[in-house]
Structure formats: C-alpha cells, structure tokens
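User: I would like to learn how to read the packing in a protein model. Please take me through it feature by feature.

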Amino acid sequence: MSKVVFVHGVGKQYLSEDSLGRDVIPELMGGVRLAGGEVPAYDEVEVAFYGDLFRPRGARAGYEPPYDEADIETDEEFALLMEWWAEAARTDPSVPGPDQPGTRGAAGWAASRALRLNTVRAALDALTGAHYLRGVLDRALIGSLKQLVAYLTDDSVRRACRDRLAARITSDTEVVVAHSLGSVVAYETLCDPGLNRDWDVRMLVTLGSPLGMRALVLGRLDPAPEGGRAVWPKPLASWTNIADAADIVSVVRELRPAFGDAVTDVPVDNGSHMHDATRYLTAVETGRAVAAGLSPR
C-alpha cells in the first residue's frame, strides 16, 4: 500500500499515470534523500492522475488546442489572468505591469470587447515575454488557466478529480504531496467526509499552491471558509506549504493566515523554473517535509 501519494498540477492532459510516475517518483525520492530522511521504496509512492479529464476529445496527443486571446471567455478566466500578470510584474522587473505605459490595464475592460481583447493580449505578451513565441506559449498558458477555472466551476470535473485521488489514499497513506491545482484537489478531498473515513494522513505538502488566492480560489473552496478561516481537513495532522518567491501561480505564498496555525510556510528557490514540479520535489525543503511525515510516530 502507498505511504506517499503525489497529486499533479495543470498541463498533464497528454500524459498518463505511468509516464508521470516515471518522472516524479524518482525526484520525490531524491528530495527525501537529499534531506537525509528515510527514502520510501518506489512501490510505496503512487501518483493520483486526473490529467486525462482535461484532454480535448478527439485531439491529437501532444497538441494544445489553438487558444488565443479570444479564448479568455469568462470573468473567472480574465480575473485569474490579471492576477498572474500583476504578480509576474511584481516579482520580475522585466515584466511590464498592467498599469504601465504601453498597456491598457485591467480597469474598464468590460467597456468593450475590443478593450478586453487588447488587455488579454497585453497580459499574454507580458507573461510569455517574447513575441516570437506567441502561439506556443499562449496555448499552454491559457490551457493551464482554463483547467484551474474548470475545476472550480464544473462540479462533474471537481468530483472526478477528487475521486481519482481518494482511490489512491488508503489507511496506510502517511504523506500527500500536491503541486499547483493538485493542492486544491488534495485539500478538498481530505475535507470530504464521504471519502476520508479511515484516513490518517500525517503530512500534506503543498507545492506552488494557488489555495491562498482569496476571491478566485479560497472563496470557492468546498467546504467554504467559515468566518474568513478555511476548514481544517480532519484526517490531517500537519501541513507544510512550500512556494518559490517568484511563482506567479502561488500568488499568496503563506497559507497559515487562512488555513490555521498548524500550517508551516516554507520559502524555496527554484531558479528560472519557478513553478516546475521537479524543481519543487528535488528541493531539500520538500524532502525534509516528506521525511517528517514518514518518521516514526
């Protein structure tokens, strides 16, 4: 039975549980080894995979749908893109901000369709950083954004993702490691009284989590926060949240204020690949958190 379960983030729709496992399981084991912890055996680590739920039906493997600025269609998608743009500008001086000269800014976008498209185009250019990469990076960025929004707004997708994770957690599972959107899936699954009957998870490790984004994510969680404070998952003993200072997905990098004093927020430096799951998994800070969850009680 699995002692550790890894939950992936967005952009994995063209992979499988097996192909993702070949990448992330050795990296997770390596992070624990670097931290000096007792390394779990390969077969003690499992991957909860839900990426195929976001795969366009009938699409050729390896290709994103041809998204462009016109595909940012809902208020939620637009708001999330603006949050990412503002955070990228805050953490990287080379990225022009929404209100700098040469950009139209987010305010007043609803005045016309043209203004909204111009604002989205400016945001995509700022985030991808190079006009000659327009198209390739646009598709990946918009696709990732749409997956996060779809999870939060489509009940059938939400339930299917949570069921996939619940199928991997057993009474033997001690640590759940969750990256990006996977941290939202993990939190809601651990909170679900219909799924967590005999679980006793000692450590949740969240990596590059968007859980702290108050209006876009925190306020839409199931269960909903009570009195401004999120509900603590009953099967969970400890929680370590790890975030790179430049990771634009984890706009709010400290989860302790919203989720409680039992959360330990830990900064990490992932270099130029600030949101990459591999960089998070091989960090000694992540390895230390996983090892703590696997230590004798």
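Analyst: Start with a term: contact means heavy atoms within 4.5 Å. Helices (H or I, at least four residues) and strands (E, at least two) are DSSP runs, numbered from the N terminus. Axes are lines fitted to C-alpha atoms, for helices over the stretch in contact, and angles run from 0 to 180 degrees between N-to-C directions. With these terms, helix α1 (residues 17-34) lies across β1 (4-7), β2 and β3, and runs at about 135° to β2. The model is predicted, so local features need pLDDT of at least 70 and side-chain atom pairs count only at pLDDT 80 or more, while totals for chains, interfaces and linings use all residues. Residues are numbered from 1 along each chain as its sequence is written, and side-chain values use heavy atoms, leaving out hydrogens and water.

User: In what order do the strands of the sheet lie?

Analyst: Two strands pair if DSSP finds at least two bridges between them. Here six strands form an open sheet in the order β2-β1-β3-β4-β5-β6, with parallel pairing. Its edge strands, β2 (45-48) and β6 (263-268), each pair on one side only. On average, neighbouring strands are turned by 20° against each other, direction ignored. Strand β3 (residues 175-179) and strand β4 (residues 201-207) pair in the parallel sense over five bridges, and V177 stands opposite V205 in β4.

User: Which way do the residues of β1 point?

Analyst: In a regular strand the side chains alternate between the two faces of the sheet. In β1, V4 and F6 point one way, V5 and V7 the other way, and all are buried. Buried means under 20% relative accessible area, exposed over 50%, and partly exposed in between (1.4 Å probe, protein chains only).

User: At what angle do α1 and α9 pack?

Analyst: Two packed helices are described by the angle between their axes and the distance between the axes. For α1 and helix α9 (residues 284-294), the angle is about 90° and the axes are 7 Å apart. α1 is therefore roughly perpendicular to α9. The classes are: under 35 degrees roughly parallel, over 145 roughly antiparallel, 65 to 115 roughly perpendicular, and the rest oblique. L28, G31, V32 and L34 of α1 meet V284, G287, V290 and A291 of α9. By class, this contact has six nonpolar, two polar and no charged residues. Ala, Val, Leu, Ile, Met, Phe, Trp, Tyr, Cys and Pro count as nonpolar, Asp, Glu, Lys and Arg as charged, and the others, Gly among them, as polar.

User: Is V290 buried or exposed?

Analyst: V290 is buried, with a relative accessible area of 1%. Apart from neighbours within four places in sequence, V290 is in contact with L28, V32, V175, V177 and V205.

User: How many residues of helix α6 are buried?

Analyst: In helix α6 (residues 181-191), 11 of the 11 residues are buried, so the helix is largely enclosed by the rest of the structure. Helix α5 (residues 155-166) packs against α6 at an angle of about 75°, with axes 9 Å apart. The two are therefore roughly perpendicular to each other. The residues of their contact divide into five nonpolar, one polar and three charged.
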